[in-house]
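Please open the model in a viewer and keep the selection panel at hand.

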Amino acid sequence: MYTTEFEKQKKLVSTEDPEKLAAFEARVAADEFIEPKDWMPEAYRRTLTRQISQHAHSEIVGMLPEGNWISRAPSLRRKAILLAKVQDEAGHGLYLYSAAETLGTSRQEMIEALHSGKAKYSTIFNYPTLTWADIGAVGWLVDGAAIMNQVPLQRTSYGPYARAMVRVCKEESFHQRQGYEIMMVMCAGTADQKRMAQDALNRWWWPSLMMFGPSDAESVNSAQSAQWRIKLFSNDELRQRMVDQTVPQAEFLGLTVPDPDLKFNTDTGHYEFGAIDWSEFTNVLKGNGPCNKERLKTRVKAWDDGAWFREALVAYADKKAARAAA
Amino acid sequence: MSKEWPLWEVFIRSQHGLAHKHVGSLHAPDAEMAVNNARDVYTRRNEGVSIWVVRAVDIVASSPADKGMLFEPANSKVYRHPTFFPMPEEVKNL
C-alpha cells in the first residue's frame, strides 16, 4: 500500500536461534504485540523498518500534491480544512518515523534515504493535482484506500506501529469525508464543475487501485509478512473491498467509474473489475511518473531551505544550556 | 543538520483528574521546543490539558529479560484479589 513491494528481498537464510525464533513466532501467533526491546528476527526488523519508513515518507511526500492547492482553495473554509488535513499528514509522518526509529534506524538516516532516492514512497503521490476536483478525489479515493489498509494495521504485531496506526485512523476519516464533500458539491454544481469531478475520478481511479500493490500472485514478501502479522490482508483482498465500497459512492455522485469491464456479480456480492495496467505502476515506481522528480526536488528544497532555522534552534539550545551550566 | 536533535517522550493528561499517559515521542533541540512540538504533533484535537516531555535517555526501563523475575512473584499471590474469597450470596455489602 504505502509501501512498494516490488523490491527484491534477499533470500532468507535464517541464522536466527531456532528456539528464540519459535518463541517469537508463538507470541505473534497468540496475537501478542512485540515491543522495541523484545527479541525479534533480523528479517522482521528489516522488513518493518522498510515498511514503516516508507509509510512515513508517503505521509510526508503526500503533503505536496495537496499543499499545491492551499493558496488556491476556493473559499476560506476550504482553505482552513485543507491546511488542517495537510498538517495531519505531517503529524502522521512524525508518528511513523518515531515508530520506525524504535527499530534502531535514526531519523536522519531515514530522511537521507528519502532524499537520495534510495527509499521509496507510495507511487500515488507522483501524480499531479491539476484542478480543485483533484483535491476532492484525493481525499475520497487516496485517503479511502489508505484507511482500507491502515485499519487492519492497528492489529499488526509491532506495538509502536500498531499504536501509530490507531492515532492515524482516528484522524483519517475526516480526510476522506472532506474529499467526498468536495466531490458532492462539485457534482451538484454547474456542468463544468461536474465535468471536472468526472475528470478527476478518471485520472485517480486506477492509480488508487494500484496503491494496494501488485496482485497476490506477484507479491514477493506476502507469506512471511502474513505469518508475522505485518500484513493482515492480501493486496487483492483489500483492493476488492475498495472497489466494493467505492463504486456505490461514485454512483451516488452521478459519476462513472472509468472501467468498461466493471460489473456487479450478484452471486458473489462483489464487483468484478477490469485488468490493472501494471506497467504504469512499475514505471512510476522506477521514477518515471509524471511528478517523481518534482516531488523529490521540492521535498529536498524544503529541507535545505529550513537548515538555517534548525541550526539556529540548536545554537539557541546550546547557548541556554551553557548559561545554565555557568 | 550537523547534530541530530535528542529524542523526547511525550506524556499527555487528557483531562483533569486523569494521569499523564505516554502518547509517543518526537525530536526537539530543547525542552521548550519539545513542548511546542508536542502541542502540534499530539494535541491537534483537544487531546490534552497538560503536556510532559522527558528526554528518552533519562528514562530507566526494566528489561524484557527480567520479566519473569519482576512479575512472576505476583502470579502466585492470587489472594491479593478480592475474588479469591468466595462470599455467601445472602451476605451483602462485602
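Predicted model: local features only at pLDDT ≥ 70, side-chain atom pairs only at ≥ 80, totals over all residues.

Residues are numbered from 1 along each chain as its sequence is written, chains are lettered from A and ligands numbered from 1 in the order in which they are written, and side-chain values use heavy atoms, with hydrogens and water left out.

**Select chain B**

Helices (H or I, at least four residues) and strands (E, at least two) are DSSP runs, numbered from the N terminus. The radius of gyration of chain B is 21 Å, well over the 12 Å that the globule rule gives for 94 residues, so chain B is more spread out than a compact globule. That radius is taken over C-alpha atoms, and the globule rule is 2.2 Å times the number of residues to the power 0.38. Along its principal axes, the C-alpha trace of chain B spans about 70 × 35 × 15 Å.

Of the 94 residues in chain B, 23% are buried. Buried means under 20% relative accessible area, exposed over 50%, and partly exposed in between (1.4 Å probe, protein chains only). Among contacts in chain B with a separation of 6 or more, 43% join residues 24 or more positions apart; contact means heavy atoms within 4.5 Å.

**Select Asn46(B)**

Next, centre on the loop between α1 (31–42) and β3 (50–55) of chain B, where Asn46(B) is placed. Asn46(B) is not a glycine, yet has a positive phi of about 55°. Most residues other than glycine have a negative phi. The relative accessible area of Asn46(B) is 74%, so this residue is exposed.

**Select chain A**

Chain A contains 13 helices and 2 strands. Its radius of gyration is 21 Å, close to the 20 Å that the globule rule gives for 326 residues, so chain A is as compact as a globular protein of that length. The C-alpha trace of chain A spans about 70 × 55 × 35 Å along its principal axes. In chain A, 52% of the 326 residues count as buried, and residues 24 or more positions apart account for 79% of the contacts with a separation of 6 or more. The accessible surface of chain A comes to about 15,100 Å², with 58% belonging to carbon and sulfur atoms.

**Select the largest nonpolar core**

Which residues have the most contacts inside the largest nonpolar core? They are Tyr44(A), Ile52(A), Tyr158(A), Trp204(A), Trp205(A) and Leu26(B), in a core of 89 residues. Helix α6 (residues 132–153) of chain A gives the most to this core, with 11 residues. A nonpolar core is a set of buried Ala, Val, Leu, Ile, Met, Phe, Trp, Tyr and Cys residues joined through side-chain atoms within 4.5 Å.

Show the surroundings of Tyr44(A): beyond four places in sequence, Tyr44(A) touches Phe24(A), Ile34(A), Ser157(A), Tyr158(A), Trp228(A) and Ile230(A).

**Select Ile124(A)**

Move to the loop between α5 (107–115) and α6 of chain A, which holds Ile124(A). Is Ile124(A) buried or exposed? Ile124(A) is buried, with a relative accessible area of 1%. Apart from neighbours within four places in sequence, Ile124(A) is in contact with Val142(A), Trp204(A), Pro207(A), Ser208(A) and Met211(A).

**Select the loop between α9 and α10 of chain A**

Two residues are of interest in this part of the tour. Arg229(A) lies in the loop between α9 (222–227) and α10 (235–253). Arg229(A) has a positive phi of about 55° although it is not a glycine, and is buried at a relative accessible area of 9%.

Leu232(A) is placed in the loop between α9 and α10 of chain A and counts as partly exposed, at 22% relative accessibility. Leaving aside residues up to four places away in sequence, Leu232(A) touches Pro152(A), Leu153(A), Arg155(A) and Thr156(A). Finally, draw a distance from Leu232(A) to Ser157(A): their C-alpha atoms, 75 residues apart along the chain, are separated by 9.7 Å.

Technical notes: Areas by Shrake-Rupley, 256 points an atom, 1.4 Å probe, with all protein chains shown as cover.
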